[in-house]
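Work through the exercises below with the sequence and the 3D view open. Try each task before you read its solution.

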Amino acid sequence: MKARVHVTLKPGILDPQGKAIQHALGALGFGTVDKVRQGKVIDLEIAETDPEAARARLTEMCEKLLANTVIENYAIELVAGPEGPTVP
Amino acid sequence: MKAAIIVFPGSNCDRDVQVALRRSMQAAPGAGKAGGGAPIMVWHKDADFEKVDLIVLPGGFSYGDYLRCGAMAAHSPAMTEVVRRAKAGVPVLGICNGFQMLTETGLLPGALLRNARLKFVCRDVHVRVETSQSLFTGRYQAGTALRIPIAHHDGNYVAGADQLERMAARGQIAFRYCEPDGAITEAANPNGAARNVAGVFNEAKTVLGMMPHFERLADPALGGIDGRPLFDGLVEALS
């Protein structure tokens, strides 16, 4: 099963890289950008076919390693693959 | 005193700490043949290292800072053992990348973010000793301003507002960036850290995490010895 994990900074956590991107966009002439926050996407393929079990394992992975839950949020998306339809 | 320094792939300040500790051990009264020997270097895969009085997590770029600084190192076999021993009261000193590992394992509260102004900062700064009531800072006087080098990209310490209040009340803040005269100002803060925090203890004050490299200013040949009393104090407290 394929999964996509989004890791983003919690609101209120300083994101100077996001700010730098915002300024760079402004310098390029894109004046309408009010806010930029930069996160991470981690794509995984796991040997699990049951969506609930997959989600549980991925949650554990996020809690233990993929995200630092002191400063980051995470969102897990199970992706459609040859194994079956998209799972919400 | 017996000490162990954990070495991860990418650690680069391990030998500096070994030298600093060894110098303090050799200079201590009654040193020499009696007890200890040079600090041992423990490879990160080794969860079975001998009993020691002090564990040091050195600076560097363990695992290339991949994912997050210290995140992967936090799951090394040696670190699992370090966490176990720390919970049993064994003193642990984390310097720079080591501080990051300590927050990643939850042995210390808070987290270290990318420096606020985005630059890797590599220069001498001043830090104020906030308390002498610990086995790490026993040889300093509270309120003293020290000149110590820093070299980091991710030293912006954050913790919840309530948590910081509690930490301050409990004397868990060890060092704060300051002016040469000890004043705590925004200008003296090299990375945006909350309350200019440069180093923190756990509640029991047996674990210290700090960004500045005290081991880099513990020898006159290096241009100063402001960092030396930290190691002298540890040797005195743990021998």
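The exercises go from the whole model to single residues.

This is a predicted model, in which local features need pLDDT of at least 70, side-chain atom pairs count only at pLDDT 80 or more, and totals for chains, interfaces and linings use all residues. Residues are numbered from 1 along each chain as its sequence is written, while chains are lettered from A and ligands numbered from 1 in the order in which they are written.

**Exercise 1. Confidence**

Task: Find the scores of the model and the mean pLDDT of chain B.

Solution. Start with the model scores: ipTM is 0.88 and pTM is 0.94. Next, recall that pLDDT is the predictor's confidence in each residue, from 0 to 100. For chain B the mean pLDDT is 96. Of its residues, 97% reach 70 or more. Keep one caution in mind: where pLDDT is low, the predicted coordinates should not be read in detail.

**Exercise 2. Chain B as a whole**

Task: Describe the make-up of chain B and explain why it counts as compact.

Solution. Count the elements. Chain B has five helices and 11 strands. Helices (H or I, at least four residues) and strands (E, at least two) are DSSP runs, numbered from the N terminus. Now compare sizes. The radius of gyration of chain B is 16 Å, close to the 18 Å from the globule rule for 239 residues, so chain B is as compact as a globular protein of that length. The radius is taken over C-alpha atoms, and the rule is 2.2 Å times the number of residues to the power 0.38. Along the principal axes, the C-alpha atoms fill a box of roughly 50 × 40 × 35 Å. Last, look inside: 54% of the 239 residues count as buried. Buried means 20 or more other C-beta atoms within 10 Å of a residue's own; exposed means 12 or fewer; partly exposed lies in between; C-beta atoms are placed from the backbone.

**Exercise 3. The sheet of chain A**

Task: Give the strand order in chain A and find the edges.

Solution. The order is β2-β1-β3 in an open sheet, with antiparallel pairing. Two strands pair if DSSP finds at least two bridges between them. β2 (40–45) and β3 (72–79) of chain A each have a single partner strand, so one side of each has no neighbour in the sheet. From one strand to the next, the twist averages 20 degrees. Zoom in on one pair: eight bridges join β1 (residues 2–9) of chain A to β3(A). Here A3(A) stands opposite L78(A). α2 (residues 51–66) of chain A lies across β1, β2 and β3 of chain A, at about 150 degrees to β3(A). Axes are lines fitted to C-alpha atoms, for helices over the stretch in contact, and angles run from 0 to 180 degrees between N-to-C directions.

**Exercise 4. The sheet of chain B**

Task: Trace the nine-strand sheet and look at β3(B).

Solution. The open sheet runs β2-β1-β3-β4-β11-β10-β9-β6-β7 (chain B), with mixed pairing. Its edge strands are β2 (40–43) and β7 (145–152) of chain B. Take β3 (residues 54–57) of chain B. L54(B) and V56(B) point one way, I55(B) and L57(B) the other, and all are buried. Three parallel bridges join β1 (residues 3–7) of chain B to β3(B), where A4(B) has I55(B) as its bridge partner. Three bridges also join β3(B) to β4 (residues 92–95) of chain B, again parallel. There L57(B) stands opposite G94(B).

**Exercise 5. Where the chains meet**

Task: How many residues of chain B are in contact with chain A, and of what kinds?

Solution. Contact means that C-beta atoms, placed from the backbone, lie within 7 Å. By that test, 14 residues of chain B contact nine residues of chain A. β5 (111–113) and β8 (156–158) of chain B are the elements that give two or more residues to this side. The side divides into six nonpolar, four polar and four charged residues. Ala, Val, Leu, Ile, Met, Phe, Trp, Tyr, Cys and Pro count as nonpolar, Asp, Glu, Lys and Arg as charged, and the others, Gly among them, as polar.

Note on methods: Two residues are in contact if their C-beta atoms, placed from the backbone, lie within 7 Å.
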